[in-house]
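Here's a quick briefing to read alongside the model. Have the sequence and the 3D view open as you go.

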Amino acid sequence: MLTALAAIFGMIPIAHQVFWGPMAYAIIGGLTAGTVLTLTLLPAVLRLLLAREAAATAQQQHPRADEELGGMALKTLELNETVAC
């Protein structure tokens, strides 16, 4: 994060020049978008994938749990995931 901010702030002085301006704006925009996506979207996608893997593992370890509890096991798992967010 500090490296991206240093590069962004380093491009600001040359952003208003005619020759280097378009490149500076492209670098600033790319670093800003990449940093924001890395800090927000990547952890959210990783959490969803790990939750899906955990649910599949639980289903493989206890395949009859859903039948024995009348469908409550899956609903409880979904409720716990919703509350944990």
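Let's start with Thr35, which is found in helix α2 (residues 21-61); helices here are DSSP runs of H or I with at least four residues, numbered from the N terminus. Keep in mind that this is a predicted model, where local features need pLDDT of at least 70, side-chain atom pairs count only at pLDDT 80 or more, and totals for chains, interfaces and linings use all residues. Residues are numbered from 1 along each chain as its sequence is written, and side-chain values use heavy atoms, leaving out hydrogens and water.

- Thr35 counts as buried because its relative accessible area is 19% (buried is under 20%, exposed over 50%, partly exposed in between, with a 1.4 Å probe and protein chains only).
- Leaving aside residues up to four places away in sequence, Thr35 touches Met1 and Ala4, a contact being heavy atoms within 4.5 Å.
- The Thr35 side chain also reaches the backbone oxygen of Leu31 at 2.7 Å.
- Thr40 lies in helix α2 too, and at 48% relative accessibility Thr40 is partly exposed.
- From Thr40, the side chain gets to the backbone oxygen of Val36 at 2.6 Å.

**The nonpolar patch**
- Helix α1 (residues 2-11) supplies the largest share of the patch, 3 residues.
- Phe9 sits in helix α1 and counts as exposed, with 55% relative accessibility.

Key. Helices (H or I, at least four residues) and strands (E, at least two) are DSSP runs, numbered from the N terminus. A polar contact is a pair of N or O atoms within 3.5 Å; within protein, one must be able to donate a hydrogen and the other to accept it, and residues adjacent in sequence count only if both atoms are side-chain atoms.
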